[in-house]
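Look at the fold below before reading on. Then follow the report from the overall build down to single residues.

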Amino acid sequence: MNVAEITSAPSPFGLGNIQVCRRGCKANILLVALSRHATRNAFNDDLYNDLINVLQLAASDDSLSAIVLTGSGEYFSSGADLKNGQFEPRSNGRNTLTEEPSGRFMAELLRFPKVIVAAVQGPAVGIGVTLLMHCDLVWCSSKATFWVPFTRLALVPELCSSVTFIESMGLSKANELLLLGRKIDAQTAVNWNICSRMIVDDDQSGDPFARRSLANMMADELDKKLFSLPLGDKTSEYFCELIRGQRRRRMEQVCRLELEKLDERFDSGQVQEAASQLKIGSSRRTPRSRL
């Protein structure tokens, strides 16, 4: 799909793991909904690849000024697809995670030059939480929850969460989430600076394109408060570069280090052992995309 084919009517994009449509008076806001209903919008390689492609498309096209990312159905995202893509520790002959779709998606998100916001309409798990720390605005529904169960799976913090959580909420609260695996509700997420607003009167039908969906409410706000201004689209790019651009190189370094440490845990068999004890996925193999 090319930009000219994206209209105000929702349509599948790429491999069909996301749906997209245009919003705003200038049709310059791209609403992107994760749409793997059977897995509660879990991330697998195909979803990562669809998101990589849509980020690249939006970055390179002058008719698009912002992305609103949301989920369809009950969940924003249930995190990594733990039963997708089998993996066994190998000492050589494989790609590192930086070269896998998960790592390439992270790199693409960190370098995205335009406004990107998230409408968390339901539970967010794992990478569904950590990616929020790289969004310019995050709103959540009152029924949203936030959980990063990395320790129970013998993983490591990912997508820079070893740094972004501490910067946003302080060391102790960050470790409530990262070390202790605490699940928090929407109001706590606002109090701990994961989200800027909790919305209580949004449409909770699970349709991301409904008139009063959280995603549409965010798109309307961007349209009225930013893109209706003279040169608002160009101005927003300057702000994104100044606000996010200055820390991009540091975040890229942190992200690579976290992925290297995760590679070590995969190769040692520790992730496989934890998954086996928890009876997640295959008892003999562990899913490759664990982020």
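Predicted model: local features only at pLDDT ≥ 70, side-chain atom pairs only at ≥ 80, totals over all residues.

Residues are numbered from 1 along each chain as its sequence is written, and side-chain values use heavy atoms, with hydrogens and water left out.

**The whole protein**

The protein has nine helices and twelve strands. Helices are DSSP runs of H or I with at least four residues, strands are runs of E with at least two, and both are numbered from the N terminus. The radius of gyration is 18 Å, close to the 19 Å from the globule rule for 291 residues, so the protein is as compact as a globular protein of that length. That radius is taken over C-alpha atoms, and the rule is 2.2 Å times the number of residues to the power 0.38. Along its principal axes, the C-alpha trace spans about 55 × 40 × 40 Å.

Of the 291 residues, 54% count as buried. Buried means under 20% relative accessible area, exposed over 50%, and partly exposed in between (1.4 Å probe, protein chains only). Among contacts (heavy atoms within 4.5 Å) between residues at least 6 apart in sequence, 70% join residues at least 24 apart.

**Cysteines**

How many disulfides does the rule count? The count is zero. A disulfide here is a pair of cysteine sulfur atoms within 2.5 Å. In general, it is a covalent bond between the sulfur atoms of two cysteines.

Helix α4 runs over residues 161-169, and its buried residues are Ser161, Val163, Thr164, Phe165 and Met169. What covers them? The cover includes α3 (127-130), α5 (171-178) and α8 (232-268). Just after α4, Gly170 takes a positive phi of about 90°.

Leu153 sits in the loop between β9 (145-147) and α4. Is Leu153 buried or exposed? Leu153 is buried, with a relative accessible area of 7%. Glu273 lies 120 residues away from Leu153 along the chain, yet their C-alpha atoms are separated by 8.8 Å.
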